[in-house]
Amino acid sequence: MSDLVLFNKPYNVLSQFSDTDPSAKASQTLASFIDLPNFYPAGRLDKDSEGLLLLTNNGQLQHRIANPIMKMPKSYWVQVEGEIDQAALDKLKSGVELKDGISKPATATKINDPTIW
């Protein structure tokens, strides 16, 4: 049987259980919050992001959720400073340059309702 942990990852926390970059400034990791053996994140959020992170003790499920080949859709709500214009949305829709390559095209919609936040 598979178990899932739903974790609201705070800002400035790595989506892993150990900090693998000894030259970088020490960061908090999932180990600071989760003390469960054999659980692994199914996906990741950047260190400077916060939000829902799934963890599981089932390797096949973790692979199915996290592997880009499986093409599982993921949704993100993003709060930004300033105004989002059509050019920024178009860039997201065509893919943006990341450290590890160009992202896949996204579906991007501007939401003007400030009460959502």
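The dialogue below goes from the whole chain to single residues.

Author: Begin with what kind of model it is. This one is predicted.

Reader: How many helices and strands are there in the chain, and in what order do the elements run?

Author: The chain has two helices and five strands. Read from the N terminus, the order is β-β-β-α-α-β-β. The C-alpha atoms fill a box of roughly 45 × 35 × 35 Å along the principal axes.

Reader: How many of the residues count as buried?

Author: Burial is judged by relative accessible area, and a residue under 20% is called buried. The chain has 117 residues, and 20% of them count as buried.

Reader: What share of the contacts joins residues 24 or more positions apart?

Author: Take the contacts with a separation of 6 or more; residues 24 or more positions apart account for 45% of these.

Reader: Which residues form the largest nonpolar core?

Author: A nonpolar core is a set of buried residues joined through side-chain atoms. Here the largest one has seven residues: Val 5, Phe 7, Leu 30, Ile 34, Phe 39, Leu 53 and Leu 55. At least two residues of this core come from strand 1, and at least two from strand 3 (51-56).

Reader: Now a pocket. What lines the second largest pocket, and how much space lies in it?

Author: The pocket holds about 170 Å³ of space. Its lining consists of Leu 14, Ser 15, Gln 16, Asp 19, Gly 43, Arg 44, Leu 45, Asp 46 and Lys 47. Sorted by class, that gives two nonpolar, three polar and four charged residues.

Reader: Take Ser 15 from that list. Where is its place, and is Ser 15 buried or exposed?

Author: Ser 15 sits in the loop between strand 1 (4-9) and strand 2 (40-41). Ser 15 counts as buried because its relative accessibility is 11%, and the cut-off for buried is under 20%.

Reader: What does the side chain of Ser 15 reach?

Author: The side chain reaches the backbone oxygen of Leu 45 at 2.8 Å. Leaving out neighbours within four places in sequence, the contacts of Ser 15 are Lys 9, Leu 30, Pro 41, Arg 44, Leu 45 and Leu 53. Leu 30 and Leu 53 were also listed in the largest nonpolar core.

Reader: Where are Asn 12 and Asn 38 found?

Author: Asn 12 is in the loop between strand 1 and strand 2, and Asn 38 is in the loop between strand 1 and strand 2 as well. Asn 12 is partly exposed, with a relative accessible area of 40%. Asn 38, at 54%, counts as exposed, because the cut-off for exposed is over 50%.

Reader: What does Asn 38 touch?

Author: Not counting residues up to four places away in sequence, Asn 38 touches Thr 56 and Asn 57. Asn 38 and Gly 59 lie 21 residues apart in sequence, with 9.3 Å between their C-alpha atoms.

Conventions
Residues numbered from 1 in each chain as written. Predicted model: local features only at pLDDT ≥ 70, side-chain atom pairs only at ≥ 80, totals over all residues. Heavy atoms only, no water. 1 Å grid on protein atoms, 1.4 Å probe; cavity = no way out; pocket = protein on both sides within 12 Å on 5 of 7 lines; lining within 4 Å. Points joined across faces, edges and corners; volume = space filled by probe spheres on them. Nonpolar A, V, L, I, M, F, W, Y, C, P; charged D, E, K, R; others polar. Helix = DSSP H or I, 4+ residues; strand = E, 2+ residues; numbered from the N terminus. Buried < 20%, exposed > 50% of the residue type's maximum accessible area, 1.4 Å probe, protein only. Polar contact = N/O pair within 3.5 Å; in protein donor to acceptor, adjacent residues only side chain to side chain. Contact = heavy atoms within 4.5 Å. Core = buried A, V, L, I, M, F, W, Y, C linked by side-chain atoms within 4.5 Å.
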